[in-house]
Amino acid sequence: MLPNSHPPSSYLFSRWSREQLLKNLEILGPLAAPLPPDLPPSPPASRSNSPSAPPIKRKHESSQEHDVVKRSRTNGLPEKPSSHHHHHYHPPPPPPSQPLRSSNAVPSFNLRSEPSEDGEVREDTTAVTPRGPAPAVLSTTVPVRRPRRGRPALTSFDEMHDIYHKYGRMLKYSGDARFWSTYPATHKEYRPLANPPPPNSPYHKHGGLIARLELVDALVCFTYSLWSKDFSRKSCFRETWATIEAFLGWCKNKWIAELDTIGDREKALLGLIWMIEGFIHGRKFFFSAKTVIEPEMDRIWAKMKAEMMILSSNAEKADGQPTPPMLPSPASIAPVNSANSTPINNSASGTPSVNISSGINLVNSPAPSRSAPPISTALPQYMHGLLPQTAKGQTASYNMVEAAAKATAPINPALAFNVKELSGGVMAAGYCMEYAQRTLTLPILARHYPTTFARMMSSSLTAHEEHEPDIEDEEGELFWPGQCVTGEGLGWVCLMGKAMIKEFGRDIGYLGLAGVVPKPAPGPITGDSSRHASVLR
């Protein structure tokens, strides 16, 4: 209610006194926690979701700011500027001591055109991160579902092995030759190309990048060649995988050397190299454990466990035998008046004194509590249950565990070497996959290789169908490689890598095998041309 002391015609031009203002504010009730004065301005009164405020008197523009200060001193409430004057509100700048916000943090001020009500949840109507919208590849790119071919015959895998080994040699020679041509003419590794590309061609403008791309393409071909031989025979030929190690390190070092000058899209190809190496280690240690180490360890453990049983049983029998009585000490059997005794005479009667109270105390004193039996640490606690129980049905005693820990079993040098190779392979696979996941993940593929990403996400293939896709197919289905610890998935890595190379190459004019530097006719082998000869044979 407005005060009755003013006629209706004077509402727009009169001022309220402090007492009148406080009296009219009593209808709001007590406010336990007043809102801070730095909230954004309120919305216009025409909004349907805003509570209706009590009518106030209109004021001249000249007295607006003075009245705001006055009312803030009077009751501590924030000013609610009228919707007709909201253009006077300017968000204050953040203080200098305000901590830095991340790119995903929401600003503390409202950027919409109309202010929000005090205590109302603010609406976020503007983008607050500098990232662009996620690529809508799943709705626009759908891979072609080729008919299932089934598992090819062994001869088909052998042909694939020979073809991609040949392709790998061609791409490897071209990448090396192109690298040597990019060195300065005074460099010792400089080798000019017999037929250099035209000056305005992509192969001239992106010579170094094309060379690295040819090397990773060669690595994919070599890996796919060796994998096809393994996969067709459900085995792992460790000796043949050793022939790729030198070239894999050479290729990886070429990409690492450019790590500070390349973008995330090229770094994903370095992650592909790390992933190939990690899956190679995973395949080798899985098949080594499956075919060599696990059968040998079963045999050795069975023999050692039997010896542990025998030793612990013998120790348990020794614990059950009665302990022979101990011989009495000379002092306990000597007479009281013997020469070895030194009686203490009573000062009055001259007779030896006897401490009767001490003897009574020894008889009446309670027996000392028996301490808990010691637990042997010669074997881990979880192995104690493997030993036989005692005659009383209890777990193995201390002596039984100590005796069982002395069991031994012979290990031949070949098994020791394979176990060492297994532990090294596990560590190497973990190391490689740690670096692979830094630059090659599904979100990175979605941003930089959307077509390859969509071919995997919209796929109907399963993990055990690595033989189905054609590695040269640019529209068919793919599958994201699983875990290298299974020993499988290396075929999927090669299929994904080939798709990434083709998608990347389209943007820079990469032609693959059609643009390689041809290898000259065979001649005398020099030191430079014999480099990485293990993968060229």
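Mentor: At 1.5 Å a residue, helix H6 (residues 207–233, 27 residues) should span 39 Å, and its end C-alpha atoms sit 40 Å apart, which agrees. The expected span is 1.5 Å times one less than the number of residues. This is a predicted model, where local features need pLDDT of at least 70, side-chain atom pairs count only at pLDDT 80 or more, and totals for chains, interfaces and linings use all residues. Residues are numbered from 1 along each chain as its sequence is written, and side-chain values use heavy atoms, with hydrogens and water left out.

Trainee: How many of the residues of H6 are buried?
Mentor: 24 of its 27; buried means under 20% relative accessible area with a 1.4 Å probe, protein chains only.

Trainee: And how do the axes of H6 and H8 cross?
Mentor: At roughly 150°, coming within 10 Å; H8 is residues 245–256. H6 and H8 are therefore roughly antiparallel, the cut-off being over 145 degrees between N-to-C directions.

Trainee: Which residues of H6 and H8 make the contact?
Mentor: Among them are Leu213, Val216 and Phe222 of H6 and Phe247 and Trp250 of H8, with contact meaning heavy atoms within 4.5 Å. By class, the contact has 12 nonpolar, no polar and two charged residues.

Trainee: New topic: is Ala403 buried or exposed?
Mentor: Ala403 counts as buried, because its relative accessibility is 16%. Ala403 lies in helix H12, residues 398–404.

Trainee: What does Ala403 touch beyond its neighbours within four places in sequence?
Mentor: Leu311 and Ala315.

Technical notes:
Helices (H or I, at least four residues) and strands (E, at least two) are DSSP runs, numbered from the N terminus. Buried means under 20% relative accessible area, exposed over 50%, partly exposed in between (1.4 Å probe, protein chains only). Axes are lines fitted to C-alpha atoms, for helices over the stretch in contact, and angles run from 0 to 180 degrees between N-to-C directions. Angles under 35 degrees count as roughly parallel, over 145 as roughly antiparallel, 65 to 115 as roughly perpendicular and the rest as oblique. Ala, Val, Leu, Ile, Met, Phe, Trp, Tyr, Cys and Pro count as nonpolar, Asp, Glu, Lys and Arg as charged, and the others, Gly among them, as polar.
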